[in-house]
Amino acid sequence: MAPLAADAAGVGMKITDVRVRSWDFGPAERRFWDSTIASGPRRGFAIVEVETDQGIVGQCPSGANQANVAAFKALLVGEDPTMIEHCWRRMFESRHTTIGGDFWFALSRIDIALWDLAGKALGQPVWKLLGGHRRHLEVYSGAGFYSDGKDLAALVAETESYLAMGYRAIKMKVGWRGTTLAHDAERVRVVRETIGPHMKLMVDGNHVWNAYEAIKFGRMIEKYDIYWLEEPVQHTDLQGGADVCRALDIPVATGEMEVSRWGFRDMFAARSLDICQADPVNCGGLTEWKKIAGMATAYHMPLAPHGTEFIGMHCVGALPETLIVETYPGPYNVGWLLGPLDIKDGFIDLPDTPGLGLDIDIPRFDALAASAR
Ligand SMILES: [Mg+2]
């Protein structure tokens with residue numbers, strides 16, 4: 001979309017609607033799981049949209065609870081959507097005794113739609129509005145799940161498929177109680193052998209362990225040169241997280257489940273992590289993510305945002321203290337719907353497309369959903 005004329009860009013623009021759209025694309029082809037969460041039986045997608053009287057629509061590629069979005073709509077209709085801090089504050093103050101949960105997720109996703117909208121109104125990509133540091137970004141495949149009948153050979157084949165897509169950094173799941181630490185260490189070994197000694201390899205426990213289990217497993221895999229151990233313990237276990245950080249040579253990355261600057265302040269102060277994975281769709285939107293990121297840098301703590309690449313890439317491109325973009329290849333997320341990414345030798349280049357640069361083709365999604373019924 002061409003930017004609006006300077007005298008029209010955002011001036012007098014008013015929010016007219018805030019809504020959720022969702023689609024059901026039918027049964028999932030296969031189920032998969034990490035240590036704590038299994039994929040659902042159906043494949044779907046949802047977005048939050050903010051519409052204006054100038055025809056510009058901001059979109060967040062993640063859904064939210066309808067009732068919470070409707071409550072915020074009542075507060076935001078008539079407001080100037082480019083005054084994002086003002087809109088954030090209106091939402092926050094309406095429920096400021098509640099931090100976290102569906103209310104917080106709805107606030108986060110509306111905030112992200114406002115950033116998309118501002119980018120479209122100003123003719124600039126969100127990664128530049130957030131700061132604009134670099135456009136050439138390293139990416140990793142966030143996958144390596146458990147699945148029925150998936151043996152070591154299947155894990156190797158999956159890993160090889162990501163290398164063929166252009167990935168040069170791989171993350172895999174560990175910690176499922178249906179297997180043993182020894183078998184998980186074997187899984188890590190075969191992936192390391194598949195990718196060779198030089199590529200980044202991350203492992204993700206999805207907060208399944210106690211600190212002593214995490215330390216035990218971390219020591220079993222330290223020899224495989226692990227770039228980070230993700231969510232070894234629950235993020236609320238500040239002392240346990242700090243113990244894991246101190247015990248292992250592997251950096252601990254965590255924070256995808258934490259929300260708000262206040263939650264992260266406590267994690268940083270406790271030194272319960274080495275790499276901050278605040279996820280904009282959960283933590284309070286891009287507005288809150290940037291505040292958390294500023295705090296992380298004061299602790300010399302790099303950032304690797306958790307979550308969909310279509311938001312995370314804007315965070316990683318915005319600031320010098322970021323590491324790498326999480327992406328979900330194959331059937332694991334909406335990449336098949338909004339992508340694919342153009343990955344060359346492990347990197348992508350950020351576009352200058354205004355806003356988040358999403359290709360949300362609503363008639364196409366409607367048709368896909370109709371054909372699945
Ligand atoms: Mg994770």
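**Figure 1. Aspartate 345 sits in the loop between α13 (335–338) and β11 (347–349).** The model shown here and in the other views is predicted. Most residues other than glycine have a negative phi. Aspartate 345 has a positive one, near 50°. Is aspartate 345 buried or exposed? It has 8 other C-beta atoms within 10 Å, so it counts as exposed.

**Figure 2. Histidine 207 lies in the loop between β6 (200–204) and α7 (211–221).** This residue is not a glycine, yet its phi is positive, at about 50°. Histidine 207 has 22 other C-beta atoms within 10 Å. The cut-off for a buried residue is 20 or more, so histidine 207 is buried.

**Figure 3. Domain 1 (15–124) and domain 2 (127–349) make up the division of the protein.** Their C-alpha centres are 24 Å apart. To the contact between them, domain 1 brings 28 residues and domain 2 brings 31 residues. Which helices each supply at least two residues of the side of domain 1 that touches domain 2? They are α2 (84–94) and α3 (101–122). The largest share of that side comes from α3, with ten residues. By residue type, the side of domain 1 that touches domain 2 holds 14 nonpolar, seven polar and seven charged residues.

**Figure 4. The largest nonpolar core has 100 residues.** In soluble globular proteins, nonpolar side chains tend to be buried together. Within this core, the residues that touch the most other members are Ile110, Leu114, Ile170, Ile226, Trp228 and Cys276. Helix α3 gives the most to the core, with 13 residues. Both domains take part: domain 1 (15–124) and domain 2 (127–349) each provide at least three residues.

**Figure 5. Cysteine 276 is among the core residues that touch the most other members.** What does cysteine 276 contact, leaving aside its neighbours within four places in sequence? Its partners are Gly255, Phe264, Ile292, Ala296, Met301 and Leu303.

**Figure 6. Helix α12 covers residues 309–318.** How many of its ten residues are buried? Ten of the ten are, so the helix is largely enclosed by the rest of the structure. The buried residues of α12 include Phe310, Ile311, Met313 and Val316. Glu309 and His314 are also among them.

Definitions and conventions: Residues are numbered from 1 along each chain as its sequence is written. This is a predicted model: local features need pLDDT of at least 70, side-chain atom pairs count only at pLDDT 80 or more; totals for chains, interfaces and linings use all residues. A residue is buried if 20 or more other C-beta atoms lie within 10 Å of its own, exposed if 12 or fewer, and partly exposed in between; C-beta atoms are placed from the backbone. Helices (H or I, at least four residues) and strands (E, at least two) are DSSP runs, numbered from the N terminus. Domain bounds come from an automatic or database domain assignment. Two residues are in contact if their C-beta atoms, placed from the backbone, lie within 7 Å. Ala, Val, Leu, Ile, Met, Phe, Trp, Tyr, Cys and Pro count as nonpolar, Asp, Glu, Lys and Arg as charged, and the others, Gly among them, as polar. A nonpolar core is a set of buried Ala, Val, Leu, Ile, Met, Phe, Trp, Tyr and Cys residues joined through C-beta atoms within 7 Å.
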